[in-house]
Amino acid sequence: QKKLLYEKLISGKAFNEMWRKAMHRKLFAGIRRDFSDCDGIRKGEDLLYSLYVFSESKRAVYLPLPLYNYRFREDSINHRFRQEDLDDTAKVRFCVEEHMKMWGMTQEPYYRMFYRSAARYYADFICNCCIAELPYSVKCQVFRKIRRDSFYRRSIGFRDWEEITPQRRIFLLLFETGNILPELYGRVFRKIKRRKEKCMQQKRQ
């Protein structure tokens with residue numbers, strides 16, 4: 001059923017990335033939306049297009065087979081911290097909510113999926129911001145922006161700690177105390193990480 005696929009899209013699991021899917025090009029021909037307002041989006045663009053493709057499709061087939069090998073690289077674009085990602089995901093999130101209404105998925109269980117997914121994203125974003133090599137003043141600006149975000153405040157009520165790694169839990173708890181503690185812990189984290197990387201290089205030699 002397509003609704004099961006929609007659930008995975010709004011819950012942020014499994015089907016968001018384009019590389020996970022093979023789609024017929026005629027599906028794109030049926031999309032009438034003007035995407036010019038989405039120019040420059042680098043975070044969540046796969047989910048954005050998937051919303052429209054899944055809406056256009058009449059059927060979908062899921063193959064539980066590993067047909068694609070994903071190579072994880074810490075230095076890839078996907079794993080670099082960007083302040084702009086917060087604005088990108090806000091635009092995509094608006095489109096997700098619009099499609100939830102179109103799909104008839106406005107009941108509380110679906111919004112719980114939606115907000116839990118957002119809570120996981122904020123946990124990742126806050127953690128990555130703390131770890132990033134950014135001036136403290138810039139991080140404070142980002143932190144203030146998050147705390148003022150009404151959607152972030154709503155997502156807190158749906159946060160599932162079991163879905164958040166221990167490392168991110170620490171950063172979240174420190175984040176809720178202010179700006180100093182997450183910044184200090186981020187510095188310690190970076191030092192430990194550099195030492196580990198140095199030890200690994202020495203072992204390889």
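Axes are lines fitted to C-alpha atoms, for helices over the stretch in contact, and their angles run from 0 to 180 degrees between N-to-C directions. This is a predicted model, in which local features need pLDDT of at least 70, side-chain atom pairs count only at pLDDT 80 or more, and totals for chains, interfaces and linings use all residues. Residues are numbered from 1 along each chain as its sequence is written, and side-chain values use heavy atoms, with hydrogens and water left out.

**View 1. The crossing of α1 and α5.** The axes of α1 and α5 come within 8 Å and cross at roughly 35°. On α1, the contact (heavy atoms within 4.5 Å) is made by K3, E7 and I10. On α5, Y110, M113, F114 and S117 take part. By class, these residues divide into 4 nonpolar, 1 polar and 2 charged. Here Ala, Val, Leu, Ile, Met, Phe, Trp, Tyr, Cys and Pro count as nonpolar, Asp, Glu, Lys and Arg as charged, and the others, Gly among them, as polar. Two packed helices are described by the angle between their axes and the distance between the axes.

**View 2. The whole chain.** The protein chain has 9 helices and 0 strands. Helices (H or I, at least four residues) and strands (E, at least two) are DSSP runs, numbered from the N terminus. The C-alpha trace spans about 50 × 45 × 35 Å along its principal axes. Of the 205 residues, 36% are buried. Buried means under 20% relative accessible area, exposed over 50%, and partly exposed in between, with a 1.4 Å probe and protein chains only. Take the contacts between residues at least 6 apart in sequence: 72% of them join residues at least 24 apart.

**View 3. The largest nonpolar core.** This core has 46 residues. A nonpolar core is a set of buried Ala, Val, Leu, Ile, Met, Phe, Trp, Tyr and Cys residues joined through side-chain atoms within 4.5 Å. L9, L48, L51, V96 and I146 have the most contacts inside the core. At least two residues each come from α1 (2-10), α3, α4, α5 (108-131), α6 (136-148), α7 (150-156) and α8 (166-175). The most come from α5, with 14 residues. Beyond four places away in sequence, L51 touches L9, C95, V96, H99 and W103.

**View 4. Helix α3 and its cover.** The 12 residues of α3 should span 16 Å at 1.5 Å a residue, and its end C-alpha atoms are 17 Å apart, which agrees. The expected span is 1.5 Å times one less than the number of residues. Buried in α3 are L47, L48, S50, L51, Y52, V53 and F54. Their cover includes α1, α2 and α4.

View 5. From first C-alpha to last, the 18 residues of α4 reach 26 Å, close to the 26 Å expected at 1.5 Å a residue. The buried residues of α4 include D85, D88 and R93. Also buried here are L86, T89, V92, C95, V96, H99 and M100. Cover for the buried residues of α4 includes α1, α3, α5, α6 and α7. Just after α4, G104 takes a positive phi of about 75°.

View 6. S11 counts as buried because its relative accessibility is 10%. A polar atom of the S11 side chain lies 2.8 Å from the backbone oxygen of E7. The backbone oxygen of K8 lies 3.3 Å from a polar atom of that side chain. Beyond four places away in sequence, S11 touches M113, S117 and R120. G12 has a relative accessible area of 34%, so it is partly exposed. G12 touches S117 and R120, again leaving out residues up to four places away.

View 7. S57 lies in the loop between α3 (45-56) and α4 (85-102). S57 counts as buried because its relative accessibility is 9%. The S57 side chain reaches the backbone oxygen of F54 at 2.9 Å. Apart from residues up to four places away in sequence, S57 touches K2 and L27. N69 also belongs to the loop between α3 and α4. With a relative accessible area of 72%, N69 is exposed. N69 and L48 are 21 residues apart in sequence and 23 Å apart in space, C-alpha to C-alpha.

Key: Polar contact = N/O pair within 3.5 Å; in protein donor to acceptor, adjacent residues only side chain to side chain.
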